[in-house]
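Please look at the model with both in mind.

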Number of protein chains: 4
Amino acid sequence: MLPDQEDDHLKECCGVVGVYGDAEAAEKIYLGLYALQHRGQESAGIAATDGRDIRMHKGLGLVWSVFSDHTIMPRLTGHAAIGHNRYSTRGGSTLVNAQPLLIRCKSGQIAAAHNGNMVNAPDLRRSMEQSGSIFQTTSDSEIVLHLIARSDKADIVSQVMDALSQMVGAYCFVFLTPDKLIAARDPHGFRPLCLGRLGDAYIVASESCAFDIVGAQYLRSIAPGEVVEIDAQGIRSHQLPSAHVKSACIFEFIYFSRPDSRIFDEKVDKIRRRLGKQLATESPAEADIVIAIPDSANTAALGYAQASGKRFEIGLIRNHYVGRTFIAPHQKTRKQDVKVKFNPVSGVLEDRRVVVVDDSIVRGNTLKALVRLIRAGGAKEVHVRISSPPVKFPCFYGIDISSRGELIGAAKTTSEIRDFIEADSLAYLSVDGMLNTVKEGCRYCTACFTGKYPTVVPGDYNKYHFACCGALDDV
Amino acid sequence: MLPDQEDDHLKECCGVVGVYGDAEAAEKIYLGLYALQHRGQESAGIAATDGRDIRMHKGLGLVWSVFSDHTIMPRLTGHAAIGHNRYSTRGGSTLVNAQPLLIRCKSGQIAAAHNGNMVNAPDLRRSMEQSGSIFQTTSDSEIVLHLIARSDKADIVSQVMDALSQMVGAYCFVFLTPDKLIAARDPHGFRPLCLGRLGDAYIVASESCAFDIVGAQYLRSIAPGEVVEIDAQGIRSHQLPSAHVKSACIFEFIYFSRPDSRIFDEKVDKIRRRLGKQLATESPAEADIVIAIPDSANTAALGYAQASGKRFEIGLIRNHYVGRTFIAPHQKTRKQDVKVKFNPVSGVLEDRRVVVVDDSIVRGNTLKALVRLIRAGGAKEVHVRISSPPVKFPCFYGIDISSRGELIGAAKTTSEIRDFIEADSLAYLSVDGMLNTVKEGCRYCTACFTGKYPTVVPGDYNKYHFACCGALDDV
Amino acid sequence: MLPDQEDDHLKECCGVVGVYGDAEAAEKIYLGLYALQHRGQESAGIAATDGRDIRMHKGLGLVWSVFSDHTIMPRLTGHAAIGHNRYSTRGGSTLVNAQPLLIRCKSGQIAAAHNGNMVNAPDLRRSMEQSGSIFQTTSDSEIVLHLIARSDKADIVSQVMDALSQMVGAYCFVFLTPDKLIAARDPHGFRPLCLGRLGDAYIVASESCAFDIVGAQYLRSIAPGEVVEIDAQGIRSHQLPSAHVKSACIFEFIYFSRPDSRIFDEKVDKIRRRLGKQLATESPAEADIVIAIPDSANTAALGYAQASGKRFEIGLIRNHYVGRTFIAPHQKTRKQDVKVKFNPVSGVLEDRRVVVVDDSIVRGNTLKALVRLIRAGGAKEVHVRISSPPVKFPCFYGIDISSRGELIGAAKTTSEIRDFIEADSLAYLSVDGMLNTVKEGCRYCTACFTGKYPTVVPGDYNKYHFACCGALDDV
Amino acid sequence: MLPDQEDDHLKECCGVVGVYGDAEAAEKIYLGLYALQHRGQESAGIAATDGRDIRMHKGLGLVWSVFSDHTIMPRLTGHAAIGHNRYSTRGGSTLVNAQPLLIRCKSGQIAAAHNGNMVNAPDLRRSMEQSGSIFQTTSDSEIVLHLIARSDKADIVSQVMDALSQMVGAYCFVFLTPDKLIAARDPHGFRPLCLGRLGDAYIVASESCAFDIVGAQYLRSIAPGEVVEIDAQGIRSHQLPSAHVKSACIFEFIYFSRPDSRIFDEKVDKIRRRLGKQLATESPAEADIVIAIPDSANTAALGYAQASGKRFEIGLIRNHYVGRTFIAPHQKTRKQDVKVKFNPVSGVLEDRRVVVVDDSIVRGNTLKALVRLIRAGGAKEVHVRISSPPVKFPCFYGIDISSRGELIGAAKTTSEIRDFIEADSLAYLSVDGMLNTVKEGCRYCTACFTGKYPTVVPGDYNKYHFACCGALDDV
């Protein structure tokens with residue numbers, strides 16, 4: 001649930017929140033971003049409007065840090081606001097791509113923030129550059145803002161829909177004008193976006209945990225292709241042309257979203273538990289106890305334990321005090337040292353045959369170190385169970401996978417991986433088993449497991465690096 | 001396990017580490033302090049020696065933050081070092097009481113850091129002031145350093161023992177001179193202090209989790225009244241006069257220490273689980289599932305679930321991204337808002353009768369808010385079980401309890417507390433049940449539950465506020 | 001010479017530097033910006049290229065502070081770089097308008113920085129917005145970058161010239177592409193821009209003091225309308241269409257530039273001294289000594305003293321330790337308190353009749369307080385002499401004058417101003433006298449004194465606020 | 001006047017301020033410290049009392065920076081306060097020696113801050129260590145606080161006098177208790193300390209410029225050996241036993257103090273001007289103009305110009321924007337580069353024979369670089385005149401001179417120094433000439449010029465390094 005830079009996890013692409021109609025809109029956004037911190041820790045930003053101007057603050061770091069100066073929040077007054085968390089890329093952090101973006105065009109001021117990745121962004125960007133546009137960021141939001149500004153439609157909602165109908169890929173957008181909040185989800189519905197109610201106000205967010213923290217009520221998921229317009233006249237729904245295959249990202253259930261969130265109108269916790277149960281059914285193990293790699297695999301491990309009738313135990317303690325800029329004194333040697341973050345509970349592990357549940361494997365190095373740690377804690381046998389299928393293909397829809405080269409699932413067989421991580425046994429969940437856990441499994445994207453992409457993708461996708469919420473880096 | 005400022009938990013009194021004989025001693029201390037961060041988050045400090053000088057750095061904040069400037073660690077060279085984490089008092093933070101203290105006296109430079117609270121510190125301080133001493137801090141370490149400097153013994157170890165034999169109360173000390181590391185535990189043995197081995201080096205620490213992070217091997221607990229001297233000649237053990245009742249702090253098992261630590265030569269995890277099992281035996285509940293207040297009550301809740309045959313579930317998600325200086329925009333309203341830190345998992349709680357296990361209750365406000373949150377998550381019934389007896393009396397040995405006035409256990413009956421926290425039922429562990437979980441239960445201090453203090457204490461103890469690792473504030 | 005936020009001085013519009021052909025180009029820019037710090041203290045930025053990419057860093061604050069993190073400069077590698085200092089506006093500081101701007105367009109990456117103000121920027125901006133452009137800043141540089149990107153000329157220099165020929169007003173630009181440095185001065189030649197040589201490298205800067213600090217040699221002023229292109233092939237000069245009246249800003253001599261600089265191919269010190277001499281001739285005073293308001297009026301006061309045969313003295317000491325964010329504890333009362341910055345030297349002033357030379361008066365409040373301070377220091381009589389004519393009209397060419405309303409010279413007669421500042425006498429330099437001090441006086445703009453604007457200006461100019469290096473704020 | 005780390009100037013030993021009877025005492029101290037910033041830039045601190053407690057804040061950096069957090073000043077409430085600026089030592093900065101020191105002893109809380117250096121501090125420290133005292137700093141203030149605490153006198157003023165009468169050397173002290181301000185000057189009167197009046201309140205400060213900034217009135221110099229006690233009963237004067245030779249530090253006039261200050265009941269500006277006049281009389285030069293090394297030599301240069309009938313000019317411009325932590329990118333090469341701080345005004349220097357007045361020479365490197373710079377600016381001849389005699393001996397009374405080894409005046413003859421700095425001629429002021437400029441010249445200490453020390457001094461003084469306001473470093 002709580003990814004960070006050193007985890008061997010796929011990296012998600014940001015979280016968004018929007019509020020309209022609350023006297024302290026920016027404060028609600030602040031708390032919502034705080035609840036969505038797991039979706040992005042590199043930068044945070046809020047744009048707010050009092051009906052005349054839009055004011056914005058953004059910065060590098062965690063939400064509480066970016067807004068810790070006591071002079072910032074009082075300037076973000078007004079009844080409507082949007083916010084964004086950006087995740088931490090492998091490259092150096094930079095403020096230039098922090099969101100929201102705030103621009104002025106013929107329709108006045110517009111702020112925009114999004115989660116996702118648009119497949120045709122590089123082409124659109126190139127084409128707009130050829131026709132004389134300039135780009136100050138590599139964010140896809142800038143492309144969409146250009147398209148909005150160039151649209152000859154009469155009103156801002158039509159302009160937004162005009163712009164979005166030219167985009168192919170995964171996105172959830174929140175737009176703010178001085179008198180309107182607009183939220184949009186791509187026709188495939190890759191990324192989650194929820195609608196909630198907070199007194200007289202409306203709130204939209206990537207996950208419903210952002211509603212809980214402000215006491216808002218969950219209404220529903222915003223539909224694939226739906227554009228929601230909220231202003232003084234209330235709420236209205238529009239639909240983008242969408243003869244598209246629904247393709248919600250199933251990795252949101254496996255790992256990205258918080259278990260206490262509701263997304264795609266499902267409770268994450270329920271699905272995640274089912275993944276664990278299904279895994280136990282498919283791949284039982286001769287073992288005494290079941291433990292999780294905390295905290296992300298806790299729920300799946302509980303499911304595994306329940307279905308297998310084995311005892312769930314806490315076999316690893318995770319240190320949560322790691323600072324964002326934590327640097328061990330001699331960084332070279334410490335960087336991969338899982339001992340800084342995890343410690344085995346030998347009282348639990350000693351002389352036990354242990355099932356270790358994790359949600360996924362990217363490169364495998366961390367898991368290998370954890371298996372060693374668990375053995376050092378006294379475990380007799382270590383049986384690794386993964387609550388998702390092997391990740392073998394890059395994602396073009398907002399997950400940061402540099403290339404197939406770094407995916408151990410693409411390079412090795414399961415038994416080779418078992419040897420690499422030095423486990424006594426290793427099993428992944430099957431694709432079919434995974435899809436059994438969700439209603440209408442056909443509505444989900446499984447491209448990273450199967451290579452079946454629901455949209456056209458760049459021809460030689462092995463060579464691209466998709467920066468999050470941005471264009472292809474090397475195109 | 002991971003206390004912080006807003007928790008309704010008793011506050012522990014710091015952690016200490018010392019290393020002798022390692023070429024990168026200060027780095028080991030740094031990692032050790034990082035592992036002991038749960039014992040103190042207000043300030044951190046390291047003193048290191050290269051055999052000639054002692055150099056020190058300390059500051060307010062978490063360990064990684066205090067030492068984040070890249071110029072600091074390279075200055076702390078040498079083969080021996082000590083370190084200290086100080087916990088966060090309710091009053092404002094101040095650097096003046098950060099430890100270690102580094103002084104120069106007739107024996108040369110000495111640095112000292114300690115965990116605990118000495119009962120006769122105010123008297124000693126007053127008496128030394130009368131005889132012309134000055135005090136620059138309110139730390140008990142300064143008193144001991146004065147006593148060392150005034151001692152007419154021939155060598156530093158004798159001076160230390162001379163000084164400590166005048167102190168009454170709870171303490172674990174680490175001292176550093178340019179050529180020696182000295183570690184000492186009070187004759188009652190209130191606070192834990194462990195000895196470990198790291199290659200040719202020795203390491204001492206409040207808990208063994210500080211050994212694991214550097215790859216050191218646990219040797220044993222330093223005995224009550226033992227003074228360990230480590231230098232180029234190796235390790236030697238001395239004993240303070242100690243016709244004292246052994247009185248290890250049982251709250252270290254209940255809450256303070258990490259479950260993956262070994263203290264008092266026991267595995268914390270084992271005892272904590274037994275507390276939960278005993279609680280289940282004493283106070284079963286008609287319920288469907290067992291959940292913990294994460295993360296501190298996880299292990300006890302597992303024990304309760306196991307003994308009661310009920311399913312352990314994760315019913316509350318805790319947000320770990322809270323920054324140390326986290327301030328919600330409108331702090332007045334947010335301060336107590338547990339929603340910022342916890343969120344219920346409704347998929348788990350809905351329509352369930354829930355046993356909630358927590359380790360202790362201080363004021364009860366947080367627990368009351370959590371019970372409401374759990375009900376809001378859908379629970380039909382909420383049965384609270386506490387894995388320790390009611391805390392009714394102040395501690396004079398290093399736990400920060402301002403006065404009986406703030407202890408709900410001192411002011412209300414269990415049924416009144418149940419009403420206050422709005423639970424369907426409430427039960428505490430019995431004192432006898434608690435003592436059954438530890439070998440030789442008579443070796444433990446139970447004063448905060450029973451009022452039976454193993455030392456003389458100030459007459460009117462209701463009026464004193466004991467600042468951590470320091471003197472009485474109002475004497 | 002050294003304006004700051006609390007001075008009663010007109011505020012200049014930034015400084016620019018560019019270097020091509022030096023292995024440590026960014027370091028030269030850094031030092032050049034440091035020498036030009038008086039032209040802008042709000043923000044600083046450097047863009048550098050190694051021939052492939054352009055990398056940039058900018059931030060709020062003084063140059064040394066913006067670049068103090070030791071990781072920044074090592075990233076700005078390469079043989080060519082540009083830099084910019086932005087001055088401090090009255091409104092809140094914001095990073096959004098900091099320069100250089102770095103964009104990508106069909107010609108690749110371009111960074112731009114400028115000093116000045118373009119009169120037709122609002123019209124161009126509006127017109128571009130209508131045709132679908134978006135603006136992320138209010139900087140005129142963004143307009144020019146849009147024009148460059150839209151130009152259908154074949155090469156970058158032609159595109160730049162195409163863009164600039166559409167701009168009306170005052171500007172000096174430095175552009176950086178991965179293989180070229182381009183410097184341009186508007187056809188009126190309002191703002192200074194100098195060309196220098198540093199070994200094999202070329203350097204351009206607003207003032208020659210930026211050459212001295214890096215040991216570069218002054219070559220010449222870049223001519224009005226000249227566009228200088230510097231790359232691996234050497235240096236080439238182009239000319240913008242320029243049937244324009246030459247209109248160098250004479251206030252650069254009066255106040256903005258450093259006395260040790262050469263601008264417009266003149267030594268500032270020489271002209272500034274002549275202003276003082278001319279003032280003494282026009283408006284002698286019965287007095288004993290001549291003092292300056294330090295440091296900006298020092299040179300003019302020396303000239304006055306010399307021409308009048310009176311002794312120059314240092315009658316006011318200025319405290320240079322004021323931090324950029326200096327806030328006296330009770331800011332409301334201290335803000336205008338000149339005592340924080342100036343102190344009279346009573347040994348000099350006591351019982352003397354004093355001529356006080358200042359360079360200009362904007363609102364008059366500071367001067368009034370200084371006159372009181374000088375009397376409090378013991379002066380018998382205070383005769384104020386101003387080394388420029390009364391400022392009566394707003395500037396549209398890069399000086400920050402909000403409106404005529406704040407100009408005491410527009411609202412009051414000289415004798416009314418004398419009464420307001422409580423001086424025994426007051427005299428300004430005449431416009432003709434001022435023009436006598438420069439060669440070819442007709443080449444200079446005197447609009448702020450005379451209202452004779454060398455370009456078309458907005459109709460109702462009293463209502464506009466011209467933000468520095470940016471568009472009209474309220475259009 | 002404004003020393004900083006890179007100047008080739010002797011370094012002064014701190015500034016002190018104290019206020020009693022003002023409702024915003026700490027704010028007055030803040031402003032006073034700001035005015036005294038030239039006496040110390042390493043650290044700043046304020047202790048204030050509301051009659052019950054003393055609260056303190058201190059930190060590394062300039063005054064405005066140390067107190068910039070908006071929560072600090074509001075905590076320093078009360079009617080009485082003291083403050084301290086500490087100068088920047090060559091070694092690393094450290095908070096441990098920042099002043100004031102705040103202690104508790106049998107008389108309650110006492111804060112102390114001082115300027116100066118006590119010759120017998122090492123002996124006292126050693127002797128107190130032998131009798132069991134501990135030292136946490138190397139500040140002489142700590143020694144005096146120990147002596148106060150050990151004194152058996154009945155009241156705090158008697159204890160202070162008891163303590164001070166054991167100290168030999170140079171000091172000005174301010175002490176604060178919850179109900180009293182005590183100010184003391186050593187019997188030799190080495191360092192300046194002035195008394196002023198601010199409404200009903202009293203103020204003491206190292207220099208009177210601290211009075212001007214708060215609008216206080218200068219009353220008189222505190223006499224050598226005088227101890228001033230200020231409390232609710234008013235002001236009372238006590239006298240230390242003082243059969244001592246009066247020995248005011250004449251370097252305060254030459255360089256340390258601000259020209260607008262009054263010290264030793266003399267106006268600094270007057271004496272400094274006389275030094276320049278006397279220098280002109282003793283050592284005229286065939287030259288066209290007189291310039292100063294700004295800003296410290298401005299006043300002496302004006303005196304020289306006046307007495308010699310030559311024109312005073314501003315031939316060097318000094319950049320005041322240097323930040324405290326200014327580090328040029330490639331520090332190794334820039335460190336000594338005077339071009340970063342000074343720039344010649346070629347319009348003034350070209351083809352001129354120039355007299356350059358400076359106040360003193362320590363190592364000579366900076367002056368050598370400046371002579372080159374002046375020649376590079378076009379000067380035909382450079383005649384250096386120094387407004388003090390050659391510094392040949394270390395100071396034991398608060399000036400930071402490491403050893404004779406670094407004093408060019410101790411190692412070379414005047415003609416050798418002239419050659420070293422590459423001047424056409426060089427002359428120093430004579431000792432007698434210097435003493436002629438002050439009333440009762442015999443009251444001044446000339447030890448650094450003559451080696452005639454007014455107190456006993458350590459035998460082999462060449463080997464000691466006297467840290468400022470602290471003990472001998474290597475004893």
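This report takes the chain interface, then the domain pair.

**Between the chains**

The model is predicted. Chain A places 49 residues in contact with 48 residues of chain B. On the side of chain A that touches chain B, several elements each supply at least two residues. Among them are the helices α1 (25-35), α2 (63-66), α6 (209-212), α8 (268-282), α9 (298-308) and α11 (346-349). The strands β18 (311-313) and β20 (342-344) of chain A also belong to this set. α1(A) gives the most, with 5 residues.

**Between the domains**

Chain A is divided in two. Domain 1 covers 15-247, and domain 2 covers 272-321 + 336-440. Over C-alpha atoms, the centres of these two domains of chain A lie 35 Å apart. Their contact takes 9 residues from domain 1 of chain A and 4 residues from domain 2 of chain A. On the domain 1 side, β6 (108-118) and β7 (169-177) of chain A each supply at least two residues. The largest share of that side comes from β6(A), with 3 residues.

**Residue classes**

The table gives the make-up of the two sides by class.

| Domain 1 of chain A, touching domain 2 of chain A | 3 residues | 5 residues | 1 residue |

Notes:
Residues are numbered from 1 along each chain as its sequence is written. Chains are lettered from A and ligands numbered from 1 in the order in which they are written. This is a predicted model: local features need pLDDT of at least 70, side-chain atom pairs count only at pLDDT 80 or more; totals for chains, interfaces and linings use all residues. Two residues are in contact if their C-beta atoms, placed from the backbone, lie within 7 Å. Helices (H or I, at least four residues) and strands (E, at least two) are DSSP runs, numbered from the N terminus. Domain bounds come from an automatic or database domain assignment. Ala, Val, Leu, Ile, Met, Phe, Trp, Tyr, Cys and Pro count as nonpolar, Asp, Glu, Lys and Arg as charged, and the others, Gly among them, as polar.
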